[in-house]
Each structure stands twice: as C-alpha cells, then as structure tokens.
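Trainee: Could you take me through one part of this model up close? I'd like to look at paired charges.

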2 protein chains.
Amino acid sequence: MLPLVVLSLLLAVTPSIAVWPVPRQYSTGTTPLRLSSSFSIKFSGIEHAPRDLVDAVARTTSYLRTDKLQALVPDRGASSARAIRAAKSLSSLTLSLSTKGKVRSISEEAVVDVESRIEGYTLTVPANGSGASLKANSTLGLFRGLTTFGQLWYDWEGTTYTLQAPFDINDSPVYPYRGFMLDTARNYFPVSDIKRTLDAMSWVKINTLHWHVVDSQSFPLVVPGFTELSAKGAYSAGQVYTPSDVKEIVQYAAARGIDVLAEIDTPGHTSIIAKSHPEHIACFEAAPWTQFANEPPAGQLRLASSATTNFTASLLKSAASLFLSKFFSTGGDEINSNCYAKDAATQADLAAQGKTLEQALDTFTQVTHRALKDAGKRAVVWEEMVLDHPVTLANDTVVMVWISSANVAAVAQKGYKLVHAASDYFYLDCGGGGWVGENINGNSWCDPFKTWQKSYSFNPTANLTAEQSKLVLGGQQLLWTEQSGPSNLDPIAWPRAASSAELFWSGPGGDVSKALPRLHDVAFRFVQRGVNAIPLQPLWCALRPGACDLDA
Amino acid sequence: MLPLVVLSLLLAVTPSIAVWPVPRQYSTGTTPLRLSSSFSIKFSGIEHAPRDLVDAVARTTSYLRTDKLQALVPDRGASSARAIRAAKSLSSLTLSLSTKGKVRSISEEAVVDVESRIEGYTLTVPANGSGASLKANSTLGLFRGLTTFGQLWYDWEGTTYTLQAPFDINDSPVYPYRGFMLDTARNYFPVSDIKRTLDAMSWVKINTLHWHVVDSQSFPLVVPGFTELSAKGAYSAGQVYTPSDVKEIVQYAAARGIDVLAEIDTPGHTSIIAKSHPEHIACFEAAPWTQFANEPPAGQLRLASSATTNFTASLLKSAASLFLSKFFSTGGDEINSNCYAKDAATQADLAAQGKTLEQALDTFTQVTHRALKDAGKRAVVWEEMVLDHPVTLANDTVVMVWISSANVAAVAQKGYKLVHAASDYFYLDCGGGGWVGENINGNSWCDPFKTWQKSYSFNPTANLTAEQSKLVLGGQQLLWTEQSGPSNLDPIAWPRAASSAELFWSGPGGDVSKALPRLHDVAFRFVQRGVNAIPLQPLWCALRPGACDLDA
C-alpha cells in the first residue's frame with residue numbers, strides 16, 4: 001500500500017486536459033486514440049437539428065482537420081509516432097439531447113436572460129474506438145461540448161490523435177456571465193474583425209459580447225430614426241454599423257452561443273451627438289478638456305432638459321430594438337459635474353424645475369430606463385450609477401464594476417447583481433503607455449499591464465458574504481481602444497482574454513503554473529485558426545511546462 | 001511692417017511636412033499640386049542605372065498609386081476637392097547623381113562602414129507642374145530622396161495631391177547609425193516577417209537591422225560547417241534561416257539601404273549550443289535557473305577552454321561570412337559568474353592555466369574578435385564588455401548601451417564609438433507584463449512601457465563632452481521577443497520604432513506635439529502598405545492635431 005504522501009504526489013501529476021476553460025469534472029486516461037479518416041459527428045434522437053447546430057458540427061469537423069496543432073513537447077510528438085500509428089481510431093461522435101419536445105436553436109438559447117442559460121454537457125470518449133457521446137439539456141450545451149471535443153486533439157504528421165483516452169467529462173459553468181468588452185468608438189473595427197473576435201470568444205466559451213459601440217469620439221451605430229447621429233458622427237460613411245451589419249453580428253454571435261449586450265453610454269461620453277444635435281450637448285468640445293471630461297472631446301447630454309431626456313429615451317429604445325439580448329447598457333460612468341455647472345442651458349433647466357443636478361439625473365435615468373424596460377430590456381450600468389449617484393434603479397439592474405475591484409463589496413451591499421470588469425484585473429489596455437499627445441512621461445492611468453496571471457488570480461467573491469456572493473453574475477475582460485484598432489485587436493486580446501473565460505467558467509483558485517501549458521495550447525490553436533494570439537513565452541518555455549517558472 | 005511678435009507667430013505656424021523623419025532643411029508652399037495620371041520617374045545622366053535603383057523607382061511609383069492615404073483632417077480632404085481638381089499636375093520626377101564615374105548600386109553603398117555611408121539628397125518639387133528633381137551624391141541618397149518623395153502626397157477620391165507645393169528639401173542624417181533590433185531566438189520569425197520589417201524600416205530611413213539571431217532558447221541560424229547547431233538547436237527543422245535565407249534577407253535589406261548587423265551572443269546566452277556540443281557549455285539547464293542566468297535556460301560557453309574558444313572563433317568567422325556588413329556583434333552581455341564558479345570543467349581549465357575568470361574572458365574575447373577581424377569585420381559588443389570586464393578590445397569596437405542610458409557617459413569615457421540602445425528609452429518589449437510562468441504580480445523588468453514620446457525625447461549627447469559626443473554613432477529601438485512572435489511583430493514595433501528613426505536622422509529636440517500628426521501619417525501609411533502599425537490615439541485625435549494634448 002502506498003503511503004499517503006506518495007498517493008497525493010500521484011494525484012498531483014494526474015495529467016491535465018488540453019481544454020480551456022478546464023471542465024468542472026473530468027477524467028482522462030493514458031491510451032492513445034486517433035480520429036478515423038472517416039470520422040463524423042452524428043445526431044441521435046434529434047430529428048430536425050437546428051441549422052446553427054448543424055453549422056457548429058461542420059465547423060468542429062473542419063477544425064479537427066485543419067487545426068494541425070502539434071503537442072507542446074520538445075519533440076512535438078515524434079516520440080509518440082509509433083503509439084499514434086498503432087492506436088485505435090474513433091469514427092464517430094454522437095450528439096443527443098436529454099430533453100424531449102421542440103428543439104430550440106443555439107441562437108435562441110444564447111439570448112435568453114443570462115441567468116437562465118443552459119450550457120452544461122457530458123462528453124464521453126472511450127479508449128477502445130467505440131463511438132464517443134455528447135449529451136446535453138440544450139443545443140447550447142451541445143455547442144459547448146463540441147467546443148471541448150475540438151480541443152482534445154493534437155496533430156502529428158497529418159494524424160489527429162490524443163494520448164489521453166478515455167475522456168469522461170461532465171461540465172457546466174460556475175458563473176452565467178462570461179464576457180468580453182469591445183469599444184468600437186475610439187477606433188473603428190470592421191464587421192469582419194468583430195466576427196473573428198466572436199469566433200475566438202466562442203472557442204473559450206465566452207457567452208457575452210459587451211459592445212461599447214459609441215462614445216464621444218465617434219458614433220458608428222446607424223440607429224433607425226436617428227441616422228443623423230452616424231451620418232454626422234461616424235468617422236466616415238464607411239465606418240458604420242448598419243442595422244444589417246448589427247443583425248449579421250448578432251446572429252453570428254448567437255449561433256456561437258454569444259449574446260450581444262450593447263451599450264450606449266449616457267449622459268456622459270456623448271460629445272459626438274452634438275455634430276447632429278448641438279441642442280442636446282453641454283460643454284461641447286469645451287477647453288481645456290481636462291476640466292470637462294476624462295478624455296477629449298468634452299460633451300455630455302443635457303440631462304436636465306426634457307427634450308434631451310425624451311430624445312435619449314427614444315434613441316435607446318430604437319437602438320435596443322436592433323439587438324436580441326435581454327440586456328442593454330446605458331453606461332453612466334464618469335459624469336463630469338463641472339460640464340453641467342458651466343452649461344447655461346442646463347443651469348436654466350435646473351432652476352426652472354427647482355431640481356439639483358442629482359435629481360435631474362434621477363429623472364433622466366428613470367425615463368431612459370423605463371424606455372428600455374418597455375422594450376423588454378434589463379438595464380446595465382457602470383458602478384458610479386449606484387455608488388456615486390442617488391438614482392432610482394430597478395432591482396434587476398446589473399452593475400458593472402470597473403474603477404476598482406475594491407468597489408465590488410459596496411455594489412453588492414446595495415443588493416444589485418454585478419459583473420466583474422475592474423480595471424485593476426481585467427483592463428486589456430493598461431500598461432500600453434499614455435496616449436495624450438505631448439505627455440512625454442505619461443503612462444496608462446491603470447498601469448501596470450494586466451497579465452493573464454493577474455486576471456486569472458482574481459477572486460470573484462473576495463470581501464463578499466455568502467449572500468452577497470450570489471449577486472455575482474460573472475465577469476469579463478475589456479478592451480478600450482484609444483490605442484487599438486484592427487491592427488492590434490487580436491494580439492492585445494488573445495490569449496489574455498481567455499483567462500477570465502476560465503476563471504468564470506471553471507471557478508476561481510486555479511493554479512497559474514498548471515494553467516499555463518493549456519493557455520499556450522489556446523494561443524497556438526488560435527493562431528492555427530487565424531486569430532493572431534501572441535506567444536506568452538519563448539517557445540522553449542512553452543514546450544517545457546514549468547521550466548520557466550521562477551522556482552524552476 | 002509686422003511687429004516681431006507676430007512674425008515669430010507666423011514662423012511658428014509654418015506648415016509641417018508629412019515626411020518622417022523630418023528633413024534637415026526644407027520649405028513648403030501653399031499651392032495645390034496633383035500627380036499626373038502619366039506621372040513617371042526618370043533618370044538624367046545615369047546611363048546604366050543599377051537594378052536596385054530601378055526597382056526602388058518602381059516601388060515608389062507603385063506606392064504613389066496604392067497608398068491612398070487620406071489627409072488627417074476631419075473631412076479627410078473633401079473641402080479641398082475643388083482646389084485639388086483645379087491644381088496643376090506634376091508629370092515627372094528626374095533623378096540625377098552629382099558625382100561622375102561608375103555608379104554604385106544602393107546595395108553596395110548600404111553595406112559600407114556605417115561612418116562612410118552617403119545618404120543625403122536634395123529634392124525640388126515646383127508648384128507650377130514643371131518637373132520635380134532629385135539629386136544626390138550616391139544611389140543610396142537617391143533612394144532616401146525617393147522615400148521622401150513618396151511621403152509628400154495624400155489621396156482624395158483617386159487623385160494623388162499635395163496642398164503644400166512647392167517643396168524644397170535639402171536633407172541628410174545627423175547620425176550615421178539608425179537601427180532596429182530583432183530577436184529571432186526567443187521566438188522565430190519567418191523570412192517574410194523580416195522582409196516586411198525591412199520594408200517598414202526603409203520607409204523611415206532606418207539603415208541597420210541589428211539581427212539578434214540566436215540565443216539560449218534556440219539556434220535558428222544554419223551556419224556552414226556548424227549545421228549541427230541549428231539541426232539540434234532550432235525550434236524545428238522549418239524554423240531556421242538557411243544560408244540562402246540569409247542571403248535573401250541581406251540582399252533585400254541592402255537594396256533598401258539597410259545593412260544587416262548580425263549578432264551571435266557570447267559567451268552567455270548560448271545554452272542551446274549544448275544540444276549539439278555539450279562539451280562547450282557550462283551549467284547547462286542548471287536549476288534553479290535564477291542562480292545561473294537572467295532567464296531560462298542557463299548555459300554559457302566554457303570560455304576558459306581553448307577547444308571552446310577555437311570552436312567559437314570558427315563559428316563566428318563562418319557565421320560572419322554569411323553577411324555583407326562590415327560589422328558583427330559578439331554580444332557579451334549578462335555573463336553569469338556563478339555558472340562558471342559551479343562548472344568543474346571551467347574551474348579545472350582556469351586552474352591549469354593559472355588564470356582568473358576575467359583573464360580567461362580576455363583571452364576568449366581576443367581570440368574570437370581576431371577571427372572576426374580576419375574576416376574583415378569590426379566587432380560590436382554590449383556595454384558590459386567595457387564597463388564590467390577588463391577585456392582588451394580594438395579601438396574601433398562599437399559598444400551598445402542597453403542597461404541604462406545612465407551608462408552612456410561611462411562608455412564614452414572609455415573612448416569607444418557607441419550606439420544608443422538603452423532599455424529606459426528604446427526597449428519595445430517593456431510594459432508588457434512579466435512572462436515568467438507563475439509570477440502573478442510580475443511585470444516586465446524594464447517597466448513602464450516606453451512610449452514613442454519617451455524615445456523621441458531622448459538626448460543622445462546628454463552628459464557627454466563635445467569630444468565624447470563625436471563617439472555617438474546613433475541609436476535604435478529593440479524588440480526582445482519573449483512575448484512576441486509573428487502575431488504581434490508589427491503592432492509592438494510600429495509606429496513606435498519610427499521615433500528613434502527621426503531622432504537619429506533629424507537630430508534631437510523635436511517637439512512631440514508637432515511630431516505626432518506626422519507620426520499618425522506614418523502609422524496610417526504603414527497600414528495602407530500592409531504593415532500593421534497601431535493607432536496611437538483615437539482617430540478623433542489623429543484628425544485634430546493638438547486637440548488631445550494635455551493642455552488642449
């Protein structure tokens with residue numbers, strides 16, 4: 001009988017599984033298995049498989065052929081060549097739903113309220129070559145399982161193989177919200193960039209694109225009834241998202257299990273609206289901008305004006321109707337009070353109504369949120385709307401914490417559902433230097449760079465009571481694009497943004513040293529699939545797990 | 001008569017020129033001028049134009065058609081449309097050499113000793129549509145002038161135009177060495193990436209690729225007579241630079257006015273040599289690596305062994321013969337003395353010879369540098385070789401300062417020619433977070449990120465006497481690739497690496513606020529030409545010079 005110390009050592013070296021995010025429960029073996037050249041994915045008991053599920057199967061089959069990802073070992077698999085050749089081959093994976101009745105599409109299941117999404121699955125890959133099996137309670141779950149199946153394999157000279165059969169996986173996410181935020185206002189991204197990003201997100205089971213679509217610098221969203229906003233406020237006639245672009249993005253996302261949570265930030269971050277509606281904007285391009293806004297150009301919606309309030313409510317309602325999501329964000333961050341103090345129109349409105357600025361903000365928020373609610377949307381706001389302003393919010397409002405993770409507990413104390421998006425862990429733009437023109441020694445305000453290890457180490461329930469912990473919906477990494485565009489979208493985001501994907505799917509407490517080899521797999525697989533993920537280390541380190549740890 | 005204060009104000013608003021690096025002397029006008037659809041570049045008095053000059057003319061002509069770079073103004077040129085349509089058109093640019101006799105090719109002139117390169121030119125573009133003229137004393141100078149000519153123009157709806165004719169430019173570099181360093185050992189870059197980088201370098205008149213080709217992690221260089229080094233030490237059989245690859249790179253570079261200064265770092269940074277020659281390497285992959293090397297894996301050449309010394313000398317000589325450059329770097333940074341203290345073979349060699357480690361290093365250096373000198377090369381070393389080790393070096397040795405700009409004066413005091421490459425100004429990898437596997441709060445050792453403004457603000461002769469200042473050959477930005485590969489080469493390097501290109505061509509003291517609009521032009525032009533330069537600011541700022549300065 002093995003003494004206990006040796007047993008725990010054996011447990012410690014149980015091989016990992018090259019799946020990201022790591023499944024909640026899994027076991028692997030040590031038997032080589034290869035994919036048959038006639039390998040196929042079938043349905044069992046699903047008579048009319050939804051089109052998006054059929055497409056997902058086709059993509060999975062294609063990736064299995066084209067990934068050609070070599071194992072991250074020094075000889076890349078050469079020493080396993082004989083075992084691979086001699087291995088039994090797997091000829092099929094069979095998908096089945098454990099529920100009866102009408103089969104909903106992945107797209108339908110992806111856009112239900114995030115708290116109701118069903119993403120779990122079980123996946124069994126026997127070692128003897130008999131058929132593999134994937135079961136779920138939803139097509140969305142089947143899609144997650146397909147994604148996992150696609151990550152079990154390496155390539156050696158054209159053979160797709162694993163050395164770890166059999167697999168037994170029983171998986172589901174710890175947190176329902178796992179997002180990625182993209183800002184398309186500071187710099188514009190073509191639809192193709194967004195679609196490629198959605199693919200990448202789906203590969204690590206991220207289920208929400210938080211789309212910060214417009215801001216003070218540009219208004220690329222073509223909103224029905226408000227087309228003057230993009231006509232005058234987009235960077236150019238071509239740098240817009242038309243309703244058909246939005247539809248394409250929303251459908252592309254949904255088919256990949258991703259909900260698109262759009263944001264039109266109000267009342268701040270709206271300067272560009274003045275290009276078509278100067279009557280609605282206070283302190284438009286006021287100088288020095290440092291006194292009127294956190295970044296240029298200055299300009300905020302005249303929240304005390306009923307005309308502006310109604311305009312905003314109608315705009316939000318029309319914009320929200322472009323999206324399938326149950327959520328819509330009205331932002332609410334970085335409201336600059338000096339902007340309103342110096343705006344004669346706002347001061348006149350406040351005086352006429354006998355209101356303080358905060359009372360006006362409360363009215364503005366109630367009216368605009370009511371419009372969203374009428375459109376069937378739950379409101380999402382940034383943390384200032386509950387921490388800094390005494391505004392009335394619906395109980396089901398979702399709050400995003402961005403300034404600091406230290407503010408999470410205060411938001412939870414207010415009783416709102418919350419999403420982790422704190423700059424000290426999750427901002428992808430930090431550490432890239434300051435972008436203000438003439439500031440020679442300027443650095444990014446949220447220095448230093450947030451490494452994948454940093455975001456991976458985050459504890460979603462730190463300083464929360466058990467009850468408050470239930471308010472945590474999940475979290476996301478965020479890309480503000482003052483210094484990003486199509487040229488660096490992939491490398492600034494990937495594979496880093498996968499770290500929160502695992503944190504919020506598999507749960508916290510993961511060991512970075514054990515996670516790193518799998519994250520290397522993510523990065524290299526992304527590159528094989530056309531997403532320019534960066535190498536996290538010299539390849540020498542990637543091929544030798546642990547060898548580039550500090551204590552190695 | 002204008003009062004003096006108004007006059008100086010007028011001078012201050014003299015329009016800039018969208019050329020990077022900014023010419024030493026230039027004047028511009030305010031007359032619109034467009035390129036004729038039949039525009040052509042001709043030679044005058046150059047009967048047998050070298051092939052590389054003919055090719056450079058063809059590339060310039062092609063860029064003039066394909067750049068399609070819109071002016072960085074809010075309307076992108078729309079309000080100038082009428083003036084552009086009504087403008088006179090320029091039908092030709094004529095190139096001539098002011099010297100007589102045999103015409104040398106750009107390639108020949110690019111690889112002479114850096115202190116003898118002739119890069120000046122004069123360029124005249126009249127406003128009246130009569131032919132433009134480019135004159136130089138060398139084909140290399142003509143190439144620099146062609147590069148400038150290609151940057152004078154914007155596009156509006158298919159018309160290539162300027163609003164600033166006439167141009168009178170008299171240009172030459174302040175410093176002879178303007179480099180870019182690429183590390184191809186931590187991660188490998190295909191030849192196509194290096195060629196694209198050479199193109200980008202040439203567009204901003206960088207004249208030296210400092211190619212840190214091998215290191216401890218991999219040995220991708222196929223060296224005649226030493227092919228076992230890459231056979232065993234490259235990341236894979238495909239991730240190598242064969243002699244024919246090197247020839248292709250060297251010729252491609254030279255045709256673009258770029259010398260390739262190769263480096264085989266010795267005696268440190270050589271661990272991978274042990275894969276084929278374990279007898280030559282001390283402390284091979286010794287653990288913990290932190291005690292034996294600055295990064296994993298540990299391993300250094302046994303500098304006290306005469307066999308190893310001769311091996312190294314022969315290797316350097318063979319490697320150097322692959323390159324046309326008059327220079328070759330033997331590195332010499334980060335020699336770890338503990339590695340040798342713990343190496344029995346080295347200790348035995350030292351004891352047998354009755355030498356200290358430093359005496360052995362001196363012998364090693366003299367023998368290896370003698371081999372390079374016999375091969376016609378000037379040696380280049382990192383700063384430690386003159387500041388930390390009492391080794392004998394030839395007077396014409398070039399020293400690169402990398403640890404800190406604070407060490408420049410000490411190197412100058414030793415009387416060596418020097419190249420600025422200090423981490424506190426010029427390292428492109430700083431600020432990207434730590435890459436050691438399990439270090440959650442680790443950041444790059446040279447934090448923070450070095451912005452373009454930071455490198456641009458460098459003073460090459462700070463703390464140097466007038467006499468010492470003559471030792472400064474120039475400088476470069478450097479990309480160490482622990483966290484870089486093909487996926488982020490362009491965005492991490494460009495447009496930032498253009499900042500030192502202007503600093504060392506046009507001289508120090510440039511105003512970052514005035515430089516920024518031109519650097520935006522560089523970035524956008526690079527993107528048009530297929531190099532993924534990043535946006536330095538939101539496009540809103542790029543279209544409004546100064547509006548995103550701190551005091552705007």
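Mentor: Start with R117(A) and D259(A), which form a salt bridge with their closest N and O atoms 3.3 Å apart; the term means a side-chain nitrogen of Lys or Arg within 4 Å of a carboxyl oxygen of Asp or Glu. The pair ties together distant parts of the chain, 142 residues apart: R117(A) sits in the loop between helix 4 (106-110) and strand 4 (121-125) of chain A, and D259(A) in strand 11 (residues 259-263) of chain A. Helices here are DSSP runs of H or I, at least four residues, and strands are E runs of at least two, numbered from the N terminus. R117(A) and D259(A) are both buried, meaning under 20% relative accessible area (1.4 Å probe, protein chains only).

A quick word on the ground rules: this is a predicted model, where local features need pLDDT of at least 70, side-chain atom pairs count only at pLDDT 80 or more, and totals for chains, interfaces and linings use all residues. Residues are numbered from 1 along each chain as its sequence is written, chains are lettered from A and ligands numbered from 1 in the order in which they are written, and side-chain values use heavy atoms, leaving out hydrogens and water.

Now hop to D199(A) and R256(A), whose side chains meet in a salt bridge at 2.7 Å, N to O. D199(A) belongs to helix 6 (residues 191-203) of chain A, while R256(A) is in the loop between helix 8 (243-255) and strand 11 of chain A, 57 residues apart. D199(A) and R256(A) are buried too. Salt bridges also link D113(A), E115(A), R378(A), D396(A) and K417(A) in a network. Over all chains, the whole structure has 50 salt bridges.

Technical notes
Buried means under 20% relative accessible area, exposed over 50%, partly exposed in between (1.4 Å probe, protein chains only).
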